[in-house]
Amino acid sequence: MHVTIPSSEDSSSTKEVAITDVPLIGGSLESKGISKEAVSIIVQAWRPGTQKQYKYYLQKWEQHCCERSINPISPNVGTAIDFLHEFYKEGLSYSTLNTVRSALSSVVQPIDNFTFGNHPLVTRYIQGVFVNRPALPRYKQIWDVSVVIKYLKSLGENTQLSLQDLTMKTTMLLALVTGQRCQTIQVLNIKQMVNSDDMWSFHINNYF
């Protein structure tokens, strides 16, 4: 079984549109003498989800700098660390603060010959955050797959199952075999299923 996910080529137009919502990144790159055409290619290195995250924090950063009459592209390191600390006081996690740091690194010019994210004071601050607020595992609980497999085996032959039971069994096997998320599983459609020599494939490009 094979599930086809849209390629990067399919989503390039989405990325080009998204970056227009984060002008600070484009402005920072152009300040380095890079043409707008080249900038439009560089910014596509960030996935749409990353751009969305950066957009929020960079808008906050611009507001922070505007209120203090600071150039958001060339601040001093103390100002930028204080900005990180504002989010720390709001209770943001270690991983989220790392995202904020990465967002600033995408626009702030090198300070003391270091990129913002790699500046010694910034890395020490982030290390301090980790000590005080360590990152938690993404998943706190796991479950035993063998329990599900044994249950599916106990259902008997497929020819003896009701349509509902057969559908539920197939859905669970698809989830286990492909590792796809729920939003992908739910859009699978037999009308977009293709049979080749050694596998069945679903094409779901139209849903993303």
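## Overall fold

Two residues are in contact when heavy atoms lie within 4.5 Å. In this predicted model, residues 24 or more positions apart account for 60% of the protein chain's contacts with a separation of 6 or more.

The protein chain contains 10 helices and three strands. Read from the N terminus, its elements follow the order β-α-α-α-α-α-α-α-α-α-α-β-β. Of the 208 residues in the protein chain, 30% are buried.

## Packing of H4 and H6

Helix H4 spans residues 48–67 and helix H6 spans residues 94–105; their axes are 9 Å apart and meet at an angle of about 70°. Angles of 65 to 115 degrees count as roughly perpendicular, and H4 and H6 are therefore roughly perpendicular to each other.

On the H4 side, the contact is made by Gln53, Tyr54, Tyr57, Leu58 and Trp61. H6 contributes Thr96, Thr99, Val100, Ser102, Ala103 and Leu104. By class, the contact of H4 with H6 has seven nonpolar and four polar residues, with no charged ones.

## The two sides of H7

Helix H7 covers residues 120–132, 13 residues in total. From its first C-alpha to its last, H7 reaches 18 Å, close to the 18 Å expected at 1.5 Å a residue.

The buried residues of H7 are Val122, Tyr125, Ile126 and Val129. These cover an arc of only 95° around the axis, which puts them on the same side of H7. An α-helix has 3.6 residues a turn, so residues three or four places apart point the same way. Helices H5 (77–89) and H6 are included in what covers the buried residues of H7. On the other side of H7, the residues Arg124, Gln127 and Val131 are exposed.

Technical notes:
Residues are numbered from 1 along each chain as its sequence is written. This is a predicted model: local features need pLDDT of at least 70, side-chain atom pairs count only at pLDDT 80 or more; totals for chains, interfaces and linings use all residues. Side-chain values use heavy atoms; hydrogens and water are left out. Axes are lines fitted to C-alpha atoms, for helices over the stretch in contact, and angles run from 0 to 180 degrees between N-to-C directions. Helices (H or I, at least four residues) and strands (E, at least two) are DSSP runs, numbered from the N terminus. Angles under 35 degrees count as roughly parallel, over 145 as roughly antiparallel, 65 to 115 as roughly perpendicular and the rest as oblique. Ala, Val, Leu, Ile, Met, Phe, Trp, Tyr, Cys and Pro count as nonpolar, Asp, Glu, Lys and Arg as charged, and the others, Gly among them, as polar. The expected span of a helix is 1.5 Å times one less than its number of residues. Buried means under 20% relative accessible area, exposed over 50%, partly exposed in between (1.4 Å probe, protein chains only). The arc is that of the directions from the helix axis to the C-beta atoms.
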